Amino acid sequence: MMFTKIPKEQRDEMIGRIQSFHYEQTGDEIGDLGAENWFDFFMKEIGPFLYNKGVMDSKDVLMDKMLLLEDDLYALKRPVNPK
């Protein structure tokens, strides 16, 4: 099951890269169907790990920005003079 729709142009480019990589590594050509099978495997089996890593990286960046925002807001506080 694929959770992400990849535009045809990008999918075709990635399949072409798989074919190029396979040729560079083995000296054998791999057809469109074979490369598409590898692409589907990567998307199904490895894609979720990469996706989850991206989500966690985004969360970390957001948390860092929230801490900076909290510091900036704290710096805006004004002292209250008791009477």
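View 1. Asp12 is partly exposed because its relative accessibility is 39%, where partly exposed lies between buried (under 20% relative accessible area) and exposed (over 50%), using a 1.4 Å probe and protein chains only. Lys8, at 56% relative accessibility, counts as exposed. The two side chains meet in a salt bridge, 2.7 Å from N to O; that term means a side-chain nitrogen of Lys or Arg within 4 Å of a carboxyl oxygen of Asp or Glu. Both residues belong to helix 1 (residues 8–26), four residues apart, or about one turn of the helix. Helices here are DSSP runs (H or I, at least four residues), numbered from the N terminus.

This is a predicted model, in which local features need pLDDT of at least 70 and side-chain atom pairs count only at pLDDT 80 or more, while totals for chains, interfaces and linings use all residues. Residues are numbered from 1 along each chain as its sequence is written, and side-chain values use heavy atoms, with hydrogens and water left out.

**View 2. A salt bridge from Asp40 to Arg11.** Here the closest N and O atoms of Asp40 and Arg11 are 3.1 Å apart. Asp40 lies in helix 2 (residues 32–75) and Arg11 in helix 1, so this pair ties together parts that are 29 residues apart in sequence. Asp40 is partly exposed, with a relative accessible area of 30%.

View 3. Arg17 is exposed at 57% relative accessible area, whereas Glu13 is partly exposed at 46%.

Key
Helices (H or I, at least four residues) and strands (E, at least two) are DSSP runs, numbered from the N terminus.
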